[in-house]
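Subject: The two-chain model

Hi,

Here is the structure I promised to pass on. Have a look at it first, then read my notes below.

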Amino acid sequence: MRQDDQTRKTDKTRKDGETGLGRRQFFRALGGGTAAAAAAVAAVPLGSTEAQAYDPGNAETRSRYRETDHVKAFYRTNGYETLKK
Amino acid sequence: MARMKFLCDADRCIECNACVTACKNEHEVPWGINRRRVITLNDGKPGERSVSMACMHCTDAPCAAVCPVNCFYTTADAVVLHSKDLCIGCGYCFYACPFGAPQYPRVGNFGSRGKMDKCTYCSGGPEADLSVAEYEKYGSNRLAEGKLPLCAEMCSTKSLLAGDGEMIAQIYKERVIKRGYGSGAWGWKTAYRETIAI
């Protein structure tokens, strides 16, 4: 019993120190503060730094192939009967 | 809409590498990069076959699927192109491609890689057609000029076909009907007797 009384007295002494917080309360308060900071960081919008997928315009993806005389000559010389019909 | 395709008639390819040389010259491809290569199977043995390989411009391109910066796009001609301004040279597309098409210039010591380079089907890149910037990054844009890829146009044995997929498939079918395929082709038995069949 005497030892318990002594411990309580010591805790009380620490609590009454300059900070006004006990040993356990101090870490509890610190933990709560960290969680609040993490929540604040998560709440920051990321829209400004988000990577944008490459969206090629119509000009880049448009068809460039044309069946010109040059191309027809290629088909004709490569096939036996192609383009003869 | 025409779909651009390459088709190499392996019965005709003689491994002359003219397609490789023509491609390098036409696009001024940097040292150490081959947009097109000729692969030879059973080299030096009866039944040897050579196939000219480059980017096959896949319909569902695995290079585009793995690219972390989405620099690939497919044109209306079904040609797979990429933007060198966005490419970060990570090398993922090289591992994803089953044909080994993506190549990287060596830009410094310690193995550092530059922007990826691959076959463009002679149709340039995202820059304006036939511009200097396009030529410097991707080479010439023959499709915009109304021509076909030079590798196919240069092929002396007419092995490499390029153009509208339906058209070149028709040409190849006509060849097979006319001459046969593999060991059934005209001249095969004269060259190899009947002991080798493919």
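A quick definition to start: I call two residues "in contact" if their C-beta atoms, placed from the backbone, lie within 7 Å. This is a predicted model, so local features need pLDDT of at least 70 and side-chain atom pairs count only at pLDDT 80 or more, while totals for chains, interfaces and linings use all residues. Residues are numbered from 1 along each chain as its sequence is written, and chains are lettered from A and ligands numbered from 1 in the order in which they are written.

Setting aside neighbours within four places in sequence, Gly146(B) touches Arg66(A), Thr68(A), His70(A) and Val71(A). You'll find Gly146(B) in the loop between helix 4 (132–138) and helix 5 (150–154) of chain B; helices here are DSSP runs of H or I with at least four residues, strands are E runs of at least two, and both are numbered from the N terminus. Gly146(B) is partly exposed because 14 other C-beta atoms lie within 10 Å (20 or more would be buried, 12 or fewer exposed, with C-beta atoms placed from the backbone).

Now the whole contact: chain A puts in 20 residues and chain B 28 residues. On chain A's side, helix 3 (58–61) and helix 4 (69–78) each supply at least two, and helix 4 of chain A gives the most, with five residues.

Last, Phe72(B). Again ignoring neighbours within four places in sequence, its contacts include Ala61(B), Cys63(B) and Val80(B).

Cheers
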